Amino acid sequence: MLEPDAHDLSDDADYAASVQQGPVSITRNDSLGRSSLNDPEGAEVVYTKDNVAIHPTQFASERISGRLKLIKQGNALSMTWLPYKGQSSNARLSEKDKNLYTIRAVQFSDIRSIRRHTPTLGWQYIIVVMSSGLAFPPLYFYNGGVREFLATIKQHVVLVRSADDANVFLVNDFENPLQRTLSSLELPRALTPMCESPTTPDPDKGELDKSSNIFQNGRRQKHHEARDISIQVLEKFSLVTRFARETTSQLFGDSQYDSYPSNDGWKNSALSPAPKRITSLDNSPQVRDEVPVAADPVEIEKLSLVWGKPRQAPLGQEEWATFLDAEGRVMDSKSLKKRIFYGGIEHNLRKEVWRFLLGYYSYESTFAEREYLISVKQLEYDTIKKQWQSISPEQAKRFTKFRERKGLIDKDVVRTDRSLSFYDGDDNPNVYLMRDILLTYSFYNFDLGYCQGMSDLLSPILYVMRDESESFWCFVQLMERLGPNFNRDQSGMHSQLFALSKLVEVLDSPLHNYFKQNDCLNYFFCFRWLLIQFKREFEYDKTMCIWEVLWTHHLSEHLHLYVCVAILKRYRRKIIGEQMDFDTLLKFINELSGQIDLDSTLREAEALCICAGENGAACIPPGTPPSLPLEDDSSAYPQLDDEIL
């Protein structure tokens with residue numbers, strides 16, 4: 001029997017149907033074959049589709065509709081998506097907001113893959129992933145047309161169906177099988193249970209520990225250097241390459257600002273503010289001798305009035321007892337949260353109080369009720385855990401999703417916080433506990449499953465709880481709020497990045513304008529901050545402190561966005577003064593890890609939150625993580641819309 005051509009799409013029902021219909025179905029628009037005023041000179045439009053939409057938030061009313069085109073110029077094929085002008089029915093989305101998502105002339109030579117989603121119910125959409133790992137927001141085809149889109153692409157470039165996932169099409173894939181498997185690790189799948197990619201590098205060690213072991217078939221084996229190539233998918237969003245800047249710069253092609261040249265000569269002591277006068281270190285004429293920096297729009301006097309509350313000593317055992325009545329109920333949860341917000345919690349008390357902050361314990365529960373809850377939840381945890389423990393090797397051979405999730409978890413846990421003595425060393429039982437909890441969670445929440453970055457969120461919880469069942473249930477509660485961060489369509493992350501851009505515009509318009517001039521309005525350099533809640537930006541004990549402050553939801557449940565603004569404002573003079581472009585800013589932000597002062601940052605975030613008031617709250621779409629999922633949201637985790645288990 002002849003082997004099918006690797007580039008053949010004839011076994012695909014959509015593609016086969018489009019071929020039977022003939023090329024006319026691919027060229028329905030009258031403008032095809034003729035370039036518009038916005039298209040490059042000498043270009044030929046080979047495909048166009050109207051009513052292709054992007055969803056900045058989870059609300060259908062805030063979708064941005066536009067026109068998708070495939071343009072052929074010489075031997076090069078490119079893709080554009082331009083939003084319609086003046087047709088938005090929602091006042092929250094301005095023309096400037098819509099331009100944020102514009103896609104201009106992306107060459108297919110720079111595209112890694114296209115993932116197709118064709119759910120039984122709902123709209124078809126695609127996710128385009130670049131060679132750098134950067135992914136554009138999902139493009140929804142409200143009138144169909146995905147099959148024609150793929151068929152047209154196949155006529156001009158080599159399109160290969162992935163051997164790992166029939167819904168993934170690799171672009172210009174000529175590599176050997178090993179490299180093809182590694183290269184197919186695209187960002188949206190890396191944050192979902194369907195991904196094959198291994199784990200994130202250890203935040204405390206920087207470079208991957210090449211002596212780390214991985215779990216496989218019950219034995220630990222040394223991982224190979226070739227396998228390390230596919231490790232750093234989580235970092236791809238935060239450590240985007242120069243190509244990311246070049247592609248994202250096209251999102252604002254209508255702005256005719258001149259970009260500042262890059263200047264990599266900053267000192268490591270980033271905490272000291274840059275002087276007003278910036279003198280070039282060389283005689284290069286491209287760098288101006290003096291860069292004017294606009295004044296801070298938030299008045300110093302106003303901030304000083306709000307900023308007056310200093311951080312307090314952490315909540316201790318004796319003070320904690322005063323919040324409880326004789327039966328163990330928390331008498332004033334609001335005052336307790338406010339106390340934790342300003343001081344945090346002593347470490348030996350965290351195990352008790354975190355269970356309240358995360359929602360595992362009810363504030364109205366008694367000592368006896370909590371003891372009973374622990375025993376009931378232990379039995380429930382054991383039941384869920386047995387579901388995957390009972391899978392035999394023969395079953396596992398026929399359970400692809402289980403093998404994928406288990407393999408990813410096995411690779412992740414041995415690289416998570418191994419510099420801590422709690423997780424250090426070979427055959428560390430706590431590493432095995434982390435693996436078991438994550439596997440159990442993938443069965444508890446099968447829609448979301450396991451996603452890269454979850455081990456970073458579980459690690460401090462297990463470190464504090466020192467109990468498998470209670471760590472699991474506290475992690476479940478945390479994921480109720482942060483789960484949308486890991487949606488395949490990235491809706492949770494996009495809504496937070498969108499809100500962050502609006503907050504910076506309100507609270508620091510000169511910095512916002514600078515980001516606009518330098519094509520940085522996508523705020524991808526803050527992605528890691530939001531995804532794992534600053535886990536890599538502070539030392540381990542400081543991470544636990546900021547988490548418990550955020551969990552209080554005092555002042556705002558989105559205080560983490562104001563923390564982002566506070567950090568950016570602190571370094572605004574340096575960012576603008578040194579004329580940082582996208583790549584330089586990205587490098588600078590990542591090198592801030594371990595250098596940010598937590599106490600002053602929290603105080604500044606509090607001041608910004610109070611000063612912003614209702615205007616700040618209006619910048620954040622309802623349901624933005626870490627808000628609890630809206631009651632009318634029928635699909636909090638839209639992960640498995642086009643797959644059958």
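What percentage of the 645 residues in the protein chain is buried? Buried residues make up 58% of them. Here buried means under 20% relative accessible area, exposed means over 50%, and partly exposed lies in between, with a 1.4 Å probe and protein chains only.

Two notes before you click. This is a predicted model, in which local features need pLDDT of at least 70 and side-chain atom pairs count only at pLDDT 80 or more, while totals for chains, interfaces and linings use all residues. Residues are numbered from 1 along each chain as its sequence is written, and side-chain values use heavy atoms, without hydrogens and water.

**Whole chain**

Show the cartoon. The protein chain has 26 helices and 11 strands. These are DSSP runs numbered from the N terminus: helices are H or I with at least four residues, strands are E with at least two. Switch to the surface. The protein chain exposes about 27,600 Å², and carbon and sulfur atoms supply 50% of that. The area comes from the Shrake-Rupley method with a 1.4 Å probe. Now consider contacts, meaning heavy atoms within 4.5 Å. Among those between residues at least 6 apart in sequence, 72% join residues at least 24 apart.

**Helix pair**

Select 491–507, helix α19, and 559–570, helix α23. They pack at an angle of about 50°, with axes 10 Å apart. The α19–α23 crossing is right-handed.

Show side chains. From α19, pick Gln496, Ala499, Leu500, Leu503, Val504 and Leu507. Across from them in α23 are His560, Leu561, Tyr562, Cys564, Val565, Leu568 and Lys569. The residues of this contact divide into 10 nonpolar, 2 polar and 1 charged.

**Backbone spots**

Go to leucine 555, in the loop between α22 (540–551) and α23. Phi of leucine 555 is near 75°, a positive value in a residue other than glycine. Is leucine 555 buried or partly exposed? Leucine 555 is partly exposed, at 41% relative accessible area.

Next, select aspartate 427, in the loop between α15 (400–413) and α16 (429–444). Phi of aspartate 427 is also positive, near 55°. Aspartate 427 is partly exposed, with a relative accessible area of 48%.

Last stop: proline 625 and proline 626. A cis peptide bond joins them, with omega about 10°. Proline 626 lies in the segment after α26 (598–618).

How values were computed
Axes fitted to C-alpha atoms, helices over the stretch in contact; angles between N-to-C directions. Left-handed = near helix turned anticlockwise from the far one by under 90°. Nonpolar A, V, L, I, M, F, W, Y, C, P; charged D, E, K, R; others polar.
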